[in-house]
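User: Hey, can you walk me through the aromatic side chains in this one?
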Amino acid sequence: MLDRLRSMEGEDPAPRDLALTLTYALARMQNLGPATDGDAPPYLRHAQAALEIAVEWKMPVVERWLVAWLTAADLPHLRMRWSNRSRDGRARMDGRAAGAVHAMTGTGSGICLGTVSGAVEAWTPGRAVEPIENLPSAVWTVAATGDWLFAAGPNARFVGRGPTGSATWPELPHTAGISAAAVTGAGHVVFGDEQGAVRVCEPGRQWNRLPAFAPSKVIAVAIDEERISAVWRDGRVTVVEHPPAEGRVRFDHHLGGTVACAAWAADGQLAFVLDEDSRVCILREGTVRTAWRHPGVRILAWSPGGRLASAGADQKIRTTRPEPGTEPDELGVESRITAVAFVNEGSLVTAHDHELMQWDLARSGSDDPTFETGETITAVGLDPLERGRSAVGTQLGLLQEYDGRGTALQWSPPRVTGTVHQLVRHRQGWLVAGQDGAYWWSPPAGEPHRLSHRLCLAVATWRGRPVYGHYAEVVTPGHPSGGDSVILMTFEVPVRDIATGDDGSLAALDRNGTLQVLYHDGRRWRRWRQERAGDRLLSCSPDGPLLLSRADGVVSALSRRGTRHSTRLHPGAVAVAVGGDGELVAAYGDRGVAVFRRSSTATPDDLAPIAVAPGRFTCVAAASGRVVAAGGGRTVGYDTIGPDARDATTAGAVNLLLVREEGGCRIRFPGGGSTFLRERDLARFEECANSTTVGELSEAVHLGGRLGDHVWFGGLDREIDMARAADPGRAVRLNLLIDGDHLVSHPWELLHPAGAALCWFDTPPVTMLRVTARLDGNAADDIARTPTGRPRMLVTRTDDPLLAGVDEAYDRMRRRTRRSNVRLVSGLPLLVKTTEDLDRALSPTDVLHLWAHSGPDGVVLPSGTTVPVPEMARRISRTGARLVVLVGCRSAALGRTLVQHGVEAVVGMRTGVYSHTVQSLVEELTTRILAGVPVDLAFVEALRQYVLTGQPGAPAIPLLHLRAGSTGALFHQAEAT
């Protein structure tokens, strides 16, 4: 198996990443408990383990491949969304050098590297590695500043480059290998060799040997306008004047031992490590201090701004600005490190033999906060309404909240005293059951507010109020003005679980197995003692409570009459949670997490899991198809995905119904879920998107990401996965079905997941269309067409001087569209001045471009006449056009009305638009649609061209409308040719 994985290695980084994830997934599977008969097949468990690694290590291409493979398996599965365990900011691994990397240096935008095979190469992260020079022997050191590069190795061999090409430093007569080098922006080079000599040279001059000398290998050198610095293997440090006319020594020091590695900073600081020592030390102005401890350090690197990184034999990197009192960030690399270099202050590159990895230091640790320090997670909470929000609590009382992508929301998490036993969402915060009391925590407001001072094992929300276990009592707080707490139930031993029903019922179970239920009418149900202690209360419904016997995995639904219906899960579950639609989610220690669906029959039965994910988990929470599980210091978020039941006609499309509700807009998903956006957020979103200032347009994109997160985490990410099905490269079309005119003006096209590209520009793209039904109710009967010959295209504009440039642009577009043999209705654009001119101009056509001033009320002619939107829609629809492009300010209202009158696709403008910048969009869109490309994919490429014009807020201006029932393919290839 491993041999087959290694055979996948090549130049393309994606297969290599896939091979890496599969290899690590095999190791991860071996560390888990053995599968049982009811678990997923081994190949499915292996694929899910690989998916977890792809998510954790941020490999989006591999992630899509594995999701597609799981979907193609036609089995339900738990689709991993996020994990708080990650590669500490690893962005990608797409660099591969020509040989094992031995030396590396940053250039500000990328790195220069030297290999043991003699290749000197350059790599800008995200691009291919490019060759620069070749050395006939191994490269031991590389130095680069500005346009200057110097690389050297054994036998004093070197290569160099300057602003005009290869540099002409004179050859060296001696044969000692060059072990360290540095270069200035003016081309001054200094190097040290294995015999201890230090030499300096200007371009075109001779090498000068400095009088500073030690009979051991030179470890590191530095040069600037004032000084030349060097450190030797035996611990000597010398700084001399530059230029070295007299070689006057400014500083001479001995570090007190043999140096394992060293690096000079731009400001003259020396970082070093002595042999047989784990201390990274800093020498500055004759004073030595310890920066941090790092066992097995053999590589040090400085950034231009003074950030230091150390790489050790423990496969860890530690990095920070070495100032007193600062602790370094740690990155877990998981493979042997051969070289380290800073690209800039926020980016670090490590080499692992041939492989190159980039690290985003600004995000380092943000996905792995605080919980890898030994604190065990003991409680998980999941918001049943806002699906993207969850929280965890630890054995030592730490609280942390996550968003839908698993990013921790508290930089300084608060604590409660003792172990956290339970977390339940309540209004805009969380109820916390702690070892010494109940708390109300409303992040990010501040510290948790204590509700009680006795042992609390359970909390719940009941009739809009918090309830909590107060040792052996179930209590709800009194009135905020000072009323006493109300005792709802009393037991003999501490209350273990509390559950509430939608009908207002309340159930509680104590440690002895005594159950009490309080119904909404105030009658107390009789006491019910279980056969043995240790059972857990899972939920309460109008029909009765649901209990779990952990000893044998039996789940019992108790009725008011005392009868019970029992089903059996796999025994050994350490935690069980109730999800939506009768689902039960169980955590099984070292075997993973499993989803069961309860039977509705009255016959006792054994349940088999419908989905399983491998892992080590001890607590779990579930709600409406989403699962959050935790074990040790790790937290993971999943979606429950069933087999894709969509047919070929709906694959790749998601219908989103946008409905106005009091206080905002509700977006409903095909799978039955929904999410809610507040009106005040949408109003600000629209205001910024309609602005012309760069600041407010930037805020619009920021708001689009914040609202987009809410929509994606609310269930859209799951719908997109299902729409792609087994094809990871499939573009997904979001059909926006907007109910009501009030929601039409919002810039929905700017919604996107925060931190990602706008959906149009993602790969593969997620396109958004505004789908509108015809006013006469006909949906798809007139969509089916037979080829009618070559398409006809008509371009018309008013004679406003501002539109004079359209003619030249149209001539260019006409030449380009001839590739599709478009038959022009008129050889030149027609000039429209009056309504009579308009009627004559609008002859029958398939494609219509209308360039005219417009507004929300209609199209404005040069005569001053405004043709109202309904009237304009009737005139244009009579032409029979399939595609209409409206180039006019605020013409989107006319576009929607045109679709209602039967036009299949219309592009309109939301706000003001400049005719000379939108020409590229019109040309690209028309050319691609006439070539048979579906309208949404053609719009993607057209919008990309439009954004390149530099107009602020370009993605927020054009809107694409499509008639309900259309597939978006307006012209078949046979028609276009």
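User: What lies over the face of Tyr588?
Analyst: Arg591 does, at 4.7 Å from the ring centre. For a charge to count as sitting over a ring, NZ of Lys or CZ of Arg has to be within 6 Å of the ring centre and within 35 degrees of the ring normal. Keep in mind this is a predicted model, where local features need pLDDT of at least 70, side-chain atom pairs count only at pLDDT 80 or more, and totals for chains, interfaces and linings use all residues. Residues are numbered from 1 along each chain as its sequence is written, and side-chain values use heavy atoms, with hydrogens and water left out.
User: And what sits over the ring of Trp232?
Analyst: That's the charged end of Arg236, 5.3 Å from the ring's centre.
User: Switching to ring pairs: how many aromatic pairs are there?
Analyst: A search of the whole structure gives 10. Rings of Phe, Tyr and Trp (its six-membered ring) pair if their centres lie within 6.5 Å; planes under 30 degrees apart are stacked, over 60 edge-to-face, and the rest tilted. One of them is Trp148 with Trp169, a tilted pair at 5.8 Å centre to centre with 45° between the planes.
User: Why does that pair tie together separate parts?
Analyst: Because Trp148 is in strand E8 (residues 148-152) and Trp169 is in the loop between strands E10 (165-166) and E11 (178-183), 21 residues apart in sequence. Strands here are DSSP runs of at least two residues, numbered from the N terminus.
User: Are Trp148 and Trp169 buried or exposed?
Analyst: Both are buried, meaning under 20% relative accessible area (1.4 Å probe, protein chains only).
User: Which cluster are they in?
Analyst: One aromatic cluster formed by Trp148, Phe150, Phe158, Trp169, Phe191 and Trp207.

Methods: Helices (H or I, at least four residues) and strands (E, at least two) are DSSP runs, numbered from the N terminus. Buried means under 20% relative accessible area, exposed over 50%, partly exposed in between (1.4 Å probe, protein chains only).
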